[in-house]
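Hi everyone, thanks for coming.

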Amino acid sequence: MPSHPLLDTDSIDALEPFLHEVGTVFRAFREQDSGCVSYGVAVGAKRWFVKSAVTSDAAASLRRAAHVHAQVRHPAIVPLERSIALRGGLALVYPWVEGEVLYHPTASRKGGRAAPDSPMARFRRLPVPDILTALERILEAHVTVERAGLVAVDLYDGCMLYDFGNRRMFLCDLDEYRPGPFVLETDRLPGSRRYMAPEEFTKGATIGVRTTVYVLGRALRLLLDAGDEEREWRGSAAQLAVIERATADDPARRFASVEALARAWRAAGLRLG
């Protein structure tokens, strides 16, 4: 069987010339605020997403991502197909998934969630059953993450890729997930303040599954609201009560596991009010 130029490559010197040599680069993401440069590349009839690190911190994140994907497989998580060593860095190869990330900050542009044509605004205008299906996929994926002994770090709407044509949610860029629980040794973890738990800003705090519960609770709250101000809740009172418990400031008051949160969320969806 002939070798595949991406999937059978272990190491190269420079990524972009290599991609132009083996395929057609149809997208380039050069302004990421993560320290990464990514590409959409077609090789034969198949398209791929290739993410490379251009800073030492970004390379560490990609190494973490490789560990995550070695531990976790779920239909909602875009799978890692190959790691390629670069001179001084690393590149990760994923299948290209049709869709749009709900929020796409870059080094030169922030904001934009509320613009009427933004992916987030369009997602929020979907019928509630479609949104609930997307949220269920996020929860199911994180039950699998939990079972693998990993904690969600830097999960936010920039990790959520929605295929509007097929009404399917995917998760990508889970580069900061790590084994837990662990003790925070810096002043804060990476992430979006809109999603982060209080302990993620407290040096010496324990980061564990109840932290993941909080972040998921915030995702439920933000994605089932019609606006960024959290004044246009589209769910039920029972669902809101589940979110309030999941996002309690005191970790001890939250659900003890992602699985418990998921069960409570499903039960709330069966109740009116």
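This is a predicted model: local features need pLDDT of at least 70, side-chain atom pairs count only at pLDDT 80 or more; totals for chains, interfaces and linings use all residues.

Five strands make up an open sheet, ordered β1-β2-β3-β5-β4, and the pairing is antiparallel. At the edges you'll find β1 (24-29) and β4 (82-86); each has a single partner strand, so one side of each has no neighbour in the sheet. From one strand to the next, the twist averages 25°. If you look at β1 and β2, five bridges join them, and Thr24 sits opposite Ala42 in β2.

Now, what packs on this sheet? Helix α1, residues 15-22, does, touching β1, β2, β3, β4 and β5, with its direction at about 10° to that of β2. Helix α2, residues 56-71, packs on the sheet as well; α2 touches β2, β3, β4 and β5, and its direction makes about 45° with that of β5.

Next, α6, residues 237-246. Which of its residues are buried? They are Ala238, Gln239, Val242, Ile243 and Ala246. These cover an arc of only 145° around the axis, so they lie on the same side of α6. Their packing partners are α4, α5 and α7.

Finally, have a look at Arg188, in the loop between β11 and β12. Arg188 is partly exposed, at 31% relative accessible area. Its side chain reaches the backbone oxygen of Gly191 at 2.9 Å. Arg188 and Phe201 are 13 residues apart in sequence, yet their C-alpha atoms are 4.2 Å apart in space.

Notes:
Residues are numbered from 1 along each chain as its sequence is written. Side-chain values use heavy atoms; hydrogens and water are left out. Buried means under 20% relative accessible area, exposed over 50%, partly exposed in between (1.4 Å probe, protein chains only). Helices (H or I, at least four residues) and strands (E, at least two) are DSSP runs, numbered from the N terminus. The arc is that of the directions from the helix axis to the C-beta atoms. Contact means heavy atoms within 4.5 Å. A polar contact is a pair of N or O atoms within 3.5 Å; within protein, one must be able to donate a hydrogen and the other to accept it, and residues adjacent in sequence count only if both atoms are side-chain atoms. Two strands pair if DSSP finds at least two bridges between them. Axes are lines fitted to C-alpha atoms, for helices over the stretch in contact, and angles run from 0 to 180 degrees between N-to-C directions.
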